[in-house]
Amino acid sequence: MKKIRWKQKHLLGLKDLTANEIVTILDTAKSFVEISERAIKKVPTLRGKTVCNFFFEPSTRTRASFEIAEKRLSADSLNFAGSSSSLVKGESIKDAARNIEALKVDMIVIRHSSSGVPHQLSHYVNAGIINAGDGINEHPTQALLDMFTLREKKGDLKGLKVSFIGDILHSRVARSNIWGLTKLGADITICGPRTLIPRDVDKLGVRVTNNLMEAIEGADALNLLRIQFERQSEIFFPSIREYRQTFQVNKDVLKKAKKDVIIMHPGPINRDVELANDVADGKHSVILDQVTNGIAVRMAVLYLLSGTKQQLSLEESE
Amino acid sequence: MDYIIKSAHVIDPKNNIDDVLDVLIEKKFITKIDKNINSSSAKEIDANGLYLFPGLVDLHAHFRDPGFEYKETIESGAKAAFHGGFVGCVSMANTQPVCDNPSVVETILKKAQHINFSIFPCGTVTKGGEGSELSEMADLRAAGCLAVSDDGNSVADILVQRRALEYASMLGLLIMIHAEDKQLSKNGLINEGLVSTRLGLRGIPNAAEDVMVARDIELVKLTGAPIHFQHVSTRRAVELIGEAKKAGLPVTAEATPHHCTLIDEDIVTYNTNFKINPPLRSIDDRDAIVRGLEMNIIDAIATDHAPHQDVEKDIEFDKALFGTTGLETALAVILTYFYHKNILSLQDIVKKMSLNPQSILGLSDFAEVKKDIEANLVLVDINKEWTVEKKSFVSKSKNSCFLGKKLKGKVAATICKGILHLF
């Protein structure tokens, strides 16, 4: 038996983690699930630690999930939102982060519309940085909770067939999942209109198709990505109507799917666009399990990054 | 003051010199080039072990003056130029006000003259650089412009471009072209490819440059007007320019030190000093540019010196401004990557960084190792090793994509308009 020593100070993305590190987070998360099922949902693990949730882009579920995770670990948390922070007054992101650090914060959870901001901040401040979504780059905790859910429902990720359907180009969720799942040996297909497939993405070891049925047949899990209406000024496809006809996952197309396929979505769902209403709420859907699992995964990340040695001892065979 | 440069290895292919010689500079002019010159009055500069080249000439630099003096002024830019061995630079027109009329040209020329530096101001092709109406080019020519360019704002309207070429050629004004289709490059930050996908940064496809190079070569066929392509970044652009030259069209081209050395894979962190337009491309493109230099498809090395302050650079990648400084690193980079790796000879480098830019601009007797012309020379220690650091720079801005790089070759002194700047 060997004690896993967590060495990363930040969680910037799954691109930078090893398979072993990803498994460590997922295993750690497992031990946190039970806390949220107790009558008193709180442990003292991060007592005395201060975590700042620094959100420069609208977010409901990710921020709520982090806040709950922090509270259940007894951390003191503080929220800065883009609209209420001094950023709108023209303060640079660097100054804003340094000011927050001057408040003696231990960890900063950051969401920003620009790719790379968490990485840049990690050079400016000493606090641990947790990426809660940066531009179109990564959303590592979402991918981790997706992987946690996949493990929970399907067991080992090795060889598991997972398809991502929708706007891959602008999806940080897809990118983080691609990094994480390929490292753990899953078999990934990405599917969407050709205009929304990133250049050279096949070189990352994923199968690319523009045919929805190819993405559905044989898949163990479908992860639907939100179609972002706000980007439609850039003309990526002719109409929502045509998108629905070509790429929507509904009861009809699911007839070709494996009986036990699971349907995932990072939310918020555009009902009846990428995902039919009845499928979103149907028996294949694990969308709400994803939300619940997000808490345990984020607790695990906060715990590991805090460097706290007490409370949990993580053991794994060599 | 008079100077005598002793025992320098002089290289000037235009004047067929490749020998260890003394050079006497009296009253700012070169008066004698010979072995063992003796002079009792001139100050002796021991150049034993150093090389003496014609002073470097940059076809592409942003001096930011007037208007953006917090980034660079003509004075600070000139100091950076001297530090890098340049005795003359073409200044780009995106100042504030824009250099689209004689009064801005005159202001720039006056400031440069005041500090004994040579700037060849580039005017705009269109009023305000906005791409719709032609600038008053005859006025610009009369004020002293040798070339016009809308640089970062490519002229999108092909009819305006046609008329501009016809009109400018009538005046003997060279049009310099930043080839970029702004629709194809829209929202792009770095080269489109695996790296942009990996980093989650929006891409700029090669086609954004290729289509404009192809378009403008067709316009050269149509109009017969000469054009110069700025900062070539793609393999296809090199090929198209090579084909145009083979067909005898009056086309010239430059590449920057960064495009012929760095690639998109060098952007591993979100370091905005690598955010440059055109972007650093693939290794295949970079190799094609190097081949283009070797084959003389690319005539010149130009810096695209683009100074910016931290408030514009040390910020979010998508909000940071495009550009890297270049004047103070160009020669060292070229020596390190090409001379010391046996890809280009010193003669080639002198041609690409001094003689060819002069001939593209139509300059004569400007920077040469030649009797009876004003001394515009550079003394170089080609083996001196140094590391690029923020404190290495005299420019007001430190946004260099070469920060941290170890280079081999350094300017020992620059003589500009007969005045010595010793480092």
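Predicted model: local features only at pLDDT ≥ 70, side-chain atom pairs only at ≥ 80, totals over all residues.
Residues are numbered from 1 along each chain as its sequence is written, and chains are lettered from A and ligands numbered from 1 in the order in which they are written.

In chain A, the domain assignment (bounds of this kind come from an automatic or database assignment) gives domain 1 as 2-138 + 292-309 and domain 2 as 140-290. Taken over C-alpha atoms, the centres of domain 1 of chain A and domain 2 of chain A are separated by 25 Å. Contact between them, meaning that C-beta atoms placed from the backbone lie within 7 Å, involves 24 residues of domain 1 of chain A and 23 residues of domain 2 of chain A. On the side of domain 1 of chain A that touches domain 2 of chain A, at least two residues each come from α1 (19-33), β5 (128-134) and α11 (287-306) of chain A, where helices (H or I, at least four residues) and strands (E, at least two) are DSSP runs numbered from the N terminus. The element that gives the most to this side is α11(A), with 6 residues.

Chain B is likewise divided, with domain 1 made of 3-51 + 373-395 + 408-422 and domain 2 of 55-361. Here the centres of domain 1 of chain B and domain 2 of chain B, over C-alpha atoms, are 28 Å apart, and the contact takes 24 residues from domain 1 of chain B and 31 residues from domain 2 of chain B. The elements giving two or more residues to the domain 1 side are β1 (3-12), β16 (377-387), β17 (406-416) and β18 (419-422) of chain B, and β17(B) gives the most, with 6 residues.

Strand β8 (residues 118-123) of chain B has 6 of its 6 residues buried, a residue being buried if 20 or more other C-beta atoms, placed from the backbone, lie within 10 Å of its own. On one side of β8(B) the buried residues are S118(B), F120(B) and C122(B), and on the other I119(B), P121(B) and G123(B). Strand β7 (residues 86-91) of chain B runs parallel to β8(B) and is joined to β8(B) by 4 bridges, pairing requiring at least two bridges found by DSSP; P121(B) is the bridge partner of S91(B). Strand β9 (residues 147-148) of chain B also pairs with β8(B) in the parallel sense, over 2 bridges, and V148(B) in β9(B) stands opposite G123(B).

Technical notes:
Contact = placed C-beta atoms within 7 Å. Buried ≥ 20, exposed ≤ 12 C-beta atoms within 10 Å, placed from the backbone.
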